[in-house]
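Hi everyone, thanks for coming along. Let me put the structure up on the screen, and then we'll walk through it together.

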Amino acid sequence: MVGGEQRHHLAGRGLETDPAAVRASVAAVFREEHGRLLATLVRRFGDLHLAEEAAAEAVEAALTHWPVSGVPTRPGGWLLTTARRRAVDRIRRDRTLALRIAVLQAEADRADPAPAADVDRDLPDDRLALFFTCAHPALTEEDRVALTLRCLGGLTTAEVARAFLVPEATMAQRIVRAKRKIRDARIPFRVPGVDELPQRLPGVLQAVYSIFTEGYAASSGPNLQRLDLAEEAIRLARILHRLLPAQRETAGLLGLLLLVHARRHTRTGPDGVPVLLDEQDRRRWDRPMIGEGCALARTALTGGPPGPYGLQAAIAALHDEAPDVAGTDWPQIVALYDVLLRVAPSPVVALNRAVAVAMRDGPAAGLALLDELATEPRLQAYHPLPAARADLLHRLGRHADAADAYRQAVDLAGTDPERDQLRRRLAEAEAAARVD
Amino acid sequence: MKYMLLFVGPPTDGPDQAVPQCTVEDWIAYDKQMKDAGIWVSGNALADLTTCTSVKVDADGQRIVTDGPFAESREVLGGYDIIDVPDLDVALDWAARSPGARDGGSVQVRPVAEFGL
């Protein structure tokens, strides 16, 4: 096991009866156990909606009983037992549900071996199957990310809505529709076989990565970074890596997230304005996190052709280990981007490669590559493209052209801090242009 | 659970004639695979789109019969199978294996609604 998934056992703490403390205990236990609890219930009953309702009722019951009887020694087990009972009650009340569950159960019993036991905990760990259900290719990409956050991250619908800056009603509708599709089209709750994994795992990794990128660089709104989302993504990536240790891309994803997150304290200044890589105070980077990320990047790149997350982790590792921008191994970074462009071609990768080429061969070489991307339709509204052009034009002494490109970037940027940072560079370019 | 596999493809008289199309033998082999696996419920290939006739009844009860399908339909339903399999993953496997999923065609996989189970 790499790292430590945060443990939250309250066992041995003795009886806790202060209502506020109990409420906090229930919240803490539920946060940690939610994914496991839900996955176990879905395996048992084959119905995600029923499992969610039963889990929520178990938490309510805990809030009623624990202040009186104390927090049980195995809170996860207590919640599971209670949730199971509540689920059975619901099934008894609802004949249609009972019939459907009976059919599902008969099929599950035929098809499924016993769930994986985890001697370490009082709940079995069925979360991997839940990851694959939530990120099933039959769901849209947005649905996959929302369900993963909701079911495995244990966020409420309101919290998921806040994470993606959409109204709660919109998110509730989306989640209801996605759960209905899982139920009615019968998207299975199972871990794909070894032969299917290469097709199915990228979707799961993508969902976790999307959670991280939304936290790392919010697409809109007043703040550039939302660390809670980034940390939730890292927690989920850790779980995946622990459940699928032999899949090198899970190591690559976790490594990449850690290597990027290690720079979180220096990515923004005190005023919330983004600080670019060349201006960041590298002494404040999180060295232990970099160490862990580098080890994972090595694992991801050893023993076979590399995947896109492993390659991106390796690129992030080279940045994190460099003493400064000048001392960065740009030839190696360009070489990694070359491979990445073959494995996972995208205009954004091509853009990043062009910037690395500019560092290796000079701004003119980078600018030529960027100009080739100018007509790329998927980059038309992507502010990093004009921003990168502007930086290179500035370095070439073409200050008026640089100012034009900065203006384009300001118009396209999605968050206030990004606009502020670009306006600062624009002012510099304009000042230099006046001197020309 | 029953799923209907709807095989949709470009019109047979369309401009994509250069693209290699799957053969009758491919379909016969696929049919046999489904029957041997014991999952096939029913299914048919449909006759050419030129034989299609549409009918609707207006508010006055007048029957309106027209030649062909809706003009805007660019994909043509060429046939269907109903299969009985445990879940969507298995249904998608069968859909992906069909000749209709290749050569520019696609397969829509739709659960058959179950009422009053």
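Of the 436 residues of chain A, 51% count as buried, where buried means under 20% relative accessible area, exposed over 50% and partly exposed in between, with a 1.4 Å probe and protein chains only. Before I go on, the ground rules: this is a predicted model, local features need pLDDT of at least 70, side-chain atom pairs count only at pLDDT 80 or more, and totals for chains, interfaces and linings use all residues. Residues are numbered from 1 along each chain as its sequence is written, chains are lettered from A and ligands numbered from 1 in the order in which they are written, and side-chain values use heavy atoms, with hydrogens and water left out.

Back to chain A. It has 19 helices and zero strands; helices (H or I, at least four residues) and strands (E, at least two) are DSSP runs, numbered from the N terminus. The accessible surface of chain A is about 19,900 Å², with 54% belonging to carbon and sulfur atoms; that comes from the Shrake-Rupley method with a 1.4 Å probe, and for residues only the protein chains shown count as cover.

Let's zoom in on one residue. A:Thr133 sits in helix α5 (residues 127-134) of chain A, and it counts as buried because its relative accessibility is 4%. What is A:Thr133 in contact with, leaving aside its neighbours within four places in sequence? The partners are A:Leu139, A:Ile182, A:Ile187, A:Pro188, A:Phe189 and A:Arg190, contact meaning heavy atoms within 4.5 Å.

Now chain B. Here we find two helices and six strands, running β-α-β-β-β-β-α-β from the N terminus on. Buried residues make up 27% of its 117 residues, and the accessible surface of chain B comes to about 7,700 Å², 56% of it from carbon and sulfur atoms.

So how do the chains meet? Nine residues of chain B are in contact with 12 residues of chain A. The area buried between the two chains is about 950 Å², with carbon and sulfur atoms giving 58%; buried area is the accessible area (1.4 Å probe) that two parts lose on being put together, summed over both.

Across this interface the rule finds two salt bridges, each a side-chain nitrogen of Lys or Arg within 4 Å of a carboxyl oxygen of Asp or Glu. In one of them, B:Asp89 pairs with A:Arg200, with the closest N and O atoms 3.5 Å apart. Helix α2 (residues 88-97) of chain B gives the largest share of the side of chain B that touches chain A, three residues.
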